[in-house]
Amino acid sequence: MTFNKITIGTAALVALCAIAAVPARAQTTLSAEDARTIEFGKEIYKEKANCQYCHKWDASGDTGYGGIALSLRKSRLNPEQLAEVVKCGRPGTGMPYHDQYSYTDKRCYDLTKADLGKNAPPMGEFLSKREVEAVIKYLFARVVGRGESTYDDCVDFWGKDTRQCEPMKK
């Protein structure tokens, strides 16, 4: 009898651990508001901020259309850190800043434009706080930590009626 109780207890523990190991995105359904925010963030990434120019449509980076950019798919930054990079850019690189007040005071890396001189990042399209938050939400929902892009990722980005994704079809 003791053996059965231990076996049943062990089986229950294993089942609980298996359930806990299922990724959170499989366990939750997005609210309508979150889904709208993610779509809004994708449009900011795609159009207004034109992140895809350097990071590519799938955020895989490397040698994007506009130059060498980091892969956001492999990023280890948390949402707050990534938001800081979007707002402040990266000094000494081509990563532009998107906060209109960046480097006018010490809000970005505790530096001003005068401190940076020629190492100041380029100015990008200015984004509102809401737009930055939407881009970050989009990136963490669809890109960061997702591995290589798939045909479904391509269709999600470009739409089902595009020929852009044909080479990825299997």
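What is the pairing of the bonded cysteines of the protein, numbered in sequence order? The pairing is 1-2, 3-4. The structure is a predicted model, in which local features need pLDDT of at least 70 and side-chain atom pairs count only at pLDDT 80 or more, while totals for chains, interfaces and linings use all residues. Residues are numbered from 1 along each chain as its sequence is written, and side-chain values use heavy atoms, with hydrogens and water left out.

A disulfide is a covalent bond between the sulfur atoms of two cysteines; here the term is applied to a pair of cysteine sulfur atoms within 2.5 Å. A search of the whole structure gives 2 disulfides. One joins C88 and C108, with the sulfur atoms 2.1 Å apart. C88 lies in helix α5 and C108 in the loop between α5 and α6 (113-116), so this pair ties together parts that are 20 residues apart in sequence. Helices (H or I, at least four residues) and strands (E, at least two) are DSSP runs, numbered from the N terminus. The torsion about the S-S bond of C88 and C108 is about -75°, so the disulfide is left-handed. Both C88 and C108 are buried, where buried means under 20% relative accessible area, exposed over 50%, and partly exposed in between (1.4 Å probe, protein chains only).

A disulfide also joins C154 to C165, with an S to S distance of 2.0 Å. This pair links distant parts of the chain, 11 residues apart: C154 is in helix α8 (residues 151-158) and C165 in the segment after α8. The link of C154 and C165 is left-handed, with -90° about the S-S bond. C154 counts as buried at 1% relative accessibility, and C165 is buried with a relative accessible area of 1%.

The sulfur of C51 is 8.9 Å from the closest cysteine sulfur, in C54, which is too far for a bond. C54 is in no disulfide. At 17% relative accessibility C51 counts as buried, whereas C54, at 25%, counts as partly exposed.

After α5 comes G89, whose phi is positive, near 65°.
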